[in-house]
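Dear colleague,

I am handing over the structure that I have been looking through, and my notes on it follow below. Please read them alongside the sequence and the coordinates.

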Amino acid sequence: MVKVFIYPSTSLILSDMVDRWGHEPLGAALQIRERIQTPGFDSPPLQMTPDDPKRGLRYAAVEVPSGVRGRMALMGPLIEEAEAAIVINDADFSFGCMGCARTNELVKLLIRHRDIPILELTYPRSEEEGVAFVGAIKQFLNGLSEGAA
Amino acid sequence: MKEYIPTYEGTVTRYVFVDSPDITPQTLATRAYEVSEGVMIKETCFGLQVTGMPGEVDRLIEHIREMDPNHIFVKDRGFPPGDPRRCRANLGGARPGYYGHEFEIGLIRFVSHGLDAIELMDEQDYPEVKPPWTAGPGLDARTLKRIIDAEEK
């Protein structure tokens, strides 16, 4: 089983595909769950503590808005943990405020800087593209299994 | 500082989306209840939310996925169902994260078709992914005027 980082990190399609073919999808839900389901001190609303933006300093400089550093405190460890990545490049819905947009750019940059196998795709817009999309993901994930064996 | 005690400590929550011509969220929920053994199941408009200990949830998902593997999709969720920080009963409007699901569910029929198709293919026969579509030169004013005139007639 290979840990595969998915971008967009909330993607239903990618999360399902990676899980379906026997690998572990690394998405935002895992980090959120870790905070929400762990007892400790109350830090509403998302249990992000003042330490999280400090952890984000590892990925973004101090003059970068704290929103980016806070988000990177969630995404950064996943990128470091990843052994492979699948990126969808036309995920317009993940564009949000400037914090989200800049974090998205930084996440893609950090993934590309890591020396791991990366599959870059766009969303399928027809049945033919759907076949190619699913085929590419399956081929990529099977390749990871053979590499890990 | 106040102590924070999670509502369902140690549990995981998964979304189960169904986009099938044969299965409704209700049939999915009925089948899930048959094998739930203590796993909390919430039926929704798009499928289910399943909450429980990781091993139990995995077992249940494996079981219900068998009903229509190419039309049932599963994803992790960070919050348990009904959490006041995310539940739309408390917030009003759509739940944060709903828009992403709404967008992807609109495309999921192509993915289901892809899953059906590649089952019948050898790996070397998979079609290649085409480079992404890029916009050509913009619409020139003369063509635009011709379209407008055609509409008005």
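In which sense do β3(A) and strand β1 (residues 3–4) of chain B pair, and over how many bridges? They pair in the antiparallel sense, over two bridges, where helices (H or I, at least four residues) and strands (E, at least two) are DSSP runs numbered from the N terminus, and two strands pair if DSSP finds at least two bridges between them. Within β1(B), Tyr4(B) is the bridge partner of Gly40(A).

This is a predicted model, in which local features need pLDDT of at least 70 and side-chain atom pairs count only at pLDDT 80 or more, while totals for chains, interfaces and linings use all residues. Residues are numbered from 1 along each chain as its sequence is written, and chains are lettered from A and ligands numbered from 1 in the order in which they are written.

The contact between the chains takes 41 residues from chain A and 41 residues from chain B, with two residues in contact if their C-beta atoms, placed from the backbone, lie within 7 Å. On the side of chain A that touches chain B, the elements giving two or more residues are α1 (12–20), α2 (28–36), β3 (40–41) and α6 (127–148), and the largest share, 11 residues, comes from α6(A).

The largest nonpolar core has 60 residues, of which Val4(A), Phe5(A), Ile6(A), Ala82(A), Ala85(A), Ile86(A) and Val16(B) touch the most other members; such a core is a set of buried Ala, Val, Leu, Ile, Met, Phe, Trp, Tyr and Cys residues joined through C-beta atoms within 7 Å. α6(A) gives the most to this core, with eight residues. Leaving aside residues up to four places away in sequence, Ile86(A) touches Val4(A), Ile6(A), Leu14(A), Leu119(A), Ile137(A) and Phe140(A).

As for α1(A), nine of its nine residues are buried, so this helix is largely enclosed by the rest of the structure; a residue is buried if 20 or more other C-beta atoms, placed from the backbone, lie within 10 Å of its own. Just after α1(A), Gly22(A) takes a positive phi of about 80°.

Chain B has five helices and five strands, which run β-β-α-β-β-α-β-α-α-α from the N terminus on. Its radius of gyration, taken over C-alpha atoms, is 22 Å, well over the 15 Å that the globule rule (2.2 Å times the number of residues to the power 0.38) gives for 153 residues, so chain B is more spread out than a compact globule. Buried residues make up 25% of the 153 residues in chain B.

With best wishes

Note on methods:
A residue is buried if 20 or more other C-beta atoms lie within 10 Å of its own, exposed if 12 or fewer, and partly exposed in between; C-beta atoms are placed from the backbone.
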